[in-house]
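Dear colleague,

Please find below the structure that I am handing over to you. My findings follow directly after it.

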Amino acid sequence: MSKYADDFRRAGREAVDWVADYLENARQYPVLPKIKPGELIDALPASAPEKGESLEAILKDFRELIVPATTLWNHPRFMAYFPSASSPPAILAEMLAAALNTNAIHWKTSPASTELEQVALGWLRQWMGLPEEFFGIIFDTASISSMHAIAAAREMADPEARENGMRPGMVLYASDQAHSSIEKDSIALGIGRRNLRKIESDSEFRMRTDLLEAAIERDLAAGKRPFCIVATVGTTSTTSFDPLPRIADIAERYGLWLHVDAAYAGAAMIVPELRPLFDGIERAHSLVTNAHKWMFMPMDVSMFFTRRPDILRRAFSLVPEYLRTAEHPRAVNLMEYAVPLGRRFRSLKLWFALRYFGREGMIEVLRSHVRWAAEFASWVDADPRFERVAPAPLSAVCFRFKGTDEENKAIIDCVNATGKFFLSHTVLNGKFVARLAIGNLYTTRQDVEEAWELIRSTAPR
Ligand code: PLP
């Protein structure tokens, strides 16, 4: 047996045991590390070793230096932002994918990775109740998925852009609650922040369609070229839902590409009683959902679906001679639908996890998260010292202590300083607002209850 295989087998067992213990006992670790900036750098050698070290020594330092310096996103009491949790089947698949280390540039370089991506996304498309015509492709993040959507929208409106660069005056619409990635994508694609219209949202943080329509009319009258609307379902601050059917009507009336950012909320499409929240999504040209947010997959797996893969391909297909392969009607070359050429085997973890949980298993976990968030919201409502500041249709709740911003900040800081929970904040209507979001596979109702107890006991009497 080679030294490599021997070392791997021995240390691999140790690593698997560590992972299993960590997943079972993560509550024993502080979710936020007590570490100052630069401390880890100072604790590590300034130069890499001349002679190789044992995997056991490296694992020991992983446990003793790296883990204590880590914000534990995969912790049942990580309730900040949108939790991004992983699960045993997906962790295993990540290891196997690293072992095969495929690069799915085109079909021939990795038939399994290319085809499993189509299969796993096809399964999810069915679970999410999307029409069969939606073609799926995996990117790293929602930011990049949305960038491809906006580029495809530009291709639909201005096919010359690929050769000549974009025509001036192209305008994109999203709500004032849209994720900052849409703004960054506008910067990256040369649309310009000034040509992203941030449409005001209503009292429940949903895009106002009367203002959307008025903005499009105003732009047309000014000789501009509206080309795309980005609707968000499950906004980052409050998980509000833009009114998809009315937005789809407008997109269709004006011939605009409709992209739906469902980065977090899209997971809830598989829960039958929540699916009506997404009515109208089937009319979108494209949508994105991150499986690494609320589907128990490790970073990164952002699922991008479009019913116009022909336009996406037209935007990005560029095949140099050294990558040319024999054509076959069933051989999809994913590089033709994307900016990145290299493509890792992300679908393996989807396939492992979807099979391991099954649809019912996945629904059961999501349902319990939504139920506990509703309970948490009811506890907030019942306490006269607190108020809720937005509807909570899914697993995140926005709330505040009825006091100053400073008092609210102090509550969050004190809760986080215990190391027992990690909560985050947003600003709504100019006020500091606390957010609690549930999304870890190992979170229990008791975790949510204890979070509320700690918040209440931390608040001023
Ligand atoms: N869109 C929404 C609605 C989000 O909430 C987020 C992140 O939380 C993003 C996009 C960006 O996600 P990513 O980090 O995958 O780019």
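The largest pocket has a lining of 32 residues, and those nearest its centre are Ala 15, Trp 18, Val 19, Phe 62 and Ile 91. Please note that this is a predicted model. The space in the largest pocket amounts to about 970 Å³.

As to the elements behind this lining, helix H1 (3-25), helix H3 (55-66) and helix H4 each contribute at least two residues. Helix H1 makes the greatest contribution to the lining of the largest pocket, with 11 residues.

Helix H4, which spans residues 88-100, also deserves mention for the surface: with 3 residues, helix H4 gives the most to a nonpolar patch. This patch is formed by Phe 8, Leu 92, Met 95 and Leu 96, which together have about 370 Å² of accessible area. Leu 92, one of the residues of the patch, is located in helix H4. Leu 92 has a relative accessible area of 44% and is therefore partly exposed, since that class lies between the limits of 20% for buried and 50% for exposed.

Concerning the overall division, the protein chain falls into two parts: domain 1 comprises 3-30 + 33-70, and domain 2 comprises 94-352. Between the C-alpha centres of domain 1 and domain 2 there is a distance of 37 Å.

Yours sincerely

How values were computed: Residues are numbered from 1 along each chain as its sequence is written. This is a predicted model: local features need pLDDT of at least 70, side-chain atom pairs count only at pLDDT 80 or more; totals for chains, interfaces and linings use all residues. Side-chain values use heavy atoms; hydrogens and water are left out. Patches are made of residues with over 30% relative accessible area and no salt bridge: like charges are joined within 9 Å, nonpolar side chains (Val, Leu, Ile, Met, Phe, Trp, Tyr) within 5 Å. Accessible areas come from the Shrake-Rupley method with a 1.4 Å probe; for residues, only the protein chains shown count as cover. A salt bridge is a side-chain nitrogen of Lys or Arg within 4 Å of a carboxyl oxygen of Asp or Glu. Helices (H or I, at least four residues) and strands (E, at least two) are DSSP runs, numbered from the N terminus. Buried means under 20% relative accessible area, exposed over 50%, partly exposed in between (1.4 Å probe, protein chains only). Domain bounds come from an automatic or database domain assignment. On a 1 Å grid over the protein atoms alone, a cavity is a set of points where a 1.4 Å probe fits but cannot get out, and a pocket is an open set with protein on both sides within 12 Å along at least five of seven lines; lining residues have an atom within 4 Å of a point. Grid points are joined across faces, edges and corners, and a volume is the space filled by probe spheres set on the points.
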